[in-house]
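Grab your viewer and work through these exercises.

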Amino acid sequence: DEPDVLLASEGAEPFLWEQIAASLDAVEEQEVRRVVGESIIGACEDIYAEVRALRLIAFEATEATDEVTSRKESVGPPALGLLALEVKQLVEYLRARARAAGV
């Protein structure tokens, strides 16, 4: 299912309850759930889902950042030279305004 895919793709280990549940047979798991408490386990599972969602968001943001960075690297020297020229012109403009204002 999807959580397993997220875990595998991230190389993350399962959360504690998932490790415990995986090591028990169905009858034992139900007994442990009863002893620990369904509400606590349910809350943990909700937190696990939130953490996975945040991991996915962070992963997607990293991918998007990598994509932007790779496009930036593909911008050749002429584009970088144009940017440097624009910055230089902006600085000159600001200096002229400062002189005109008496600063």
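**Exercise 1.** Which residues make the nonpolar surface patch of about 330 Å²?

*Solution.* A quick note on ground rules: this is a predicted model, where local features need pLDDT of at least 70, side-chain atom pairs count only at pLDDT 80 or more, and totals for chains, interfaces and linings use all residues. Residues are numbered from 1 along each chain as its sequence is written, and side-chain values use heavy atoms, with hydrogens and water left out.

Step 1: the patch is made by L80, L83, V87 and V91.

Step 2: take L80, which sits in helix α5, residues 77-100. Helices here are DSSP runs of H or I, at least four residues, numbered from the N terminus. L80 has a relative accessible area of 46%, so it's partly exposed (buried is under 20%, exposed over 50%, partly exposed in between).

**Exercise 2.** Work out why the pair of F15 and Y48 is stacked.

*Solution.* Step 1: the ring centres of F15 and Y48 are 4.3 Å apart, and rings pair if their centres lie within 6.5 Å.

Step 1: their planes are at 5°, so the pair is stacked (planes under 30 degrees apart).

Step 2: F15 lies in the loop between α1 (2-10) and α2, and Y48 in helix α4, 33 residues apart. F15 is buried at 16% relative accessible area, and Y48 is buried at 10%.

How values were computed. Phe/Tyr/Trp six-rings, centres within 6.5 Å; stacked < 30°, edge-to-face > 60°. Helix = DSSP H or I, 4+ residues; strand = E, 2+ residues; numbered from the N terminus. Buried < 20%, exposed > 50% of the residue type's maximum accessible area, 1.4 Å probe, protein only. Patch = residues over 30% accessible without salt bridge, like charges linked within 9 Å, V, L, I, M, F, W, Y side chains within 5 Å. Areas by Shrake-Rupley, 256 points an atom, 1.4 Å probe, with all protein chains shown as cover. Salt bridge = Lys/Arg side-chain N within 4 Å of Asp/Glu carboxyl O.
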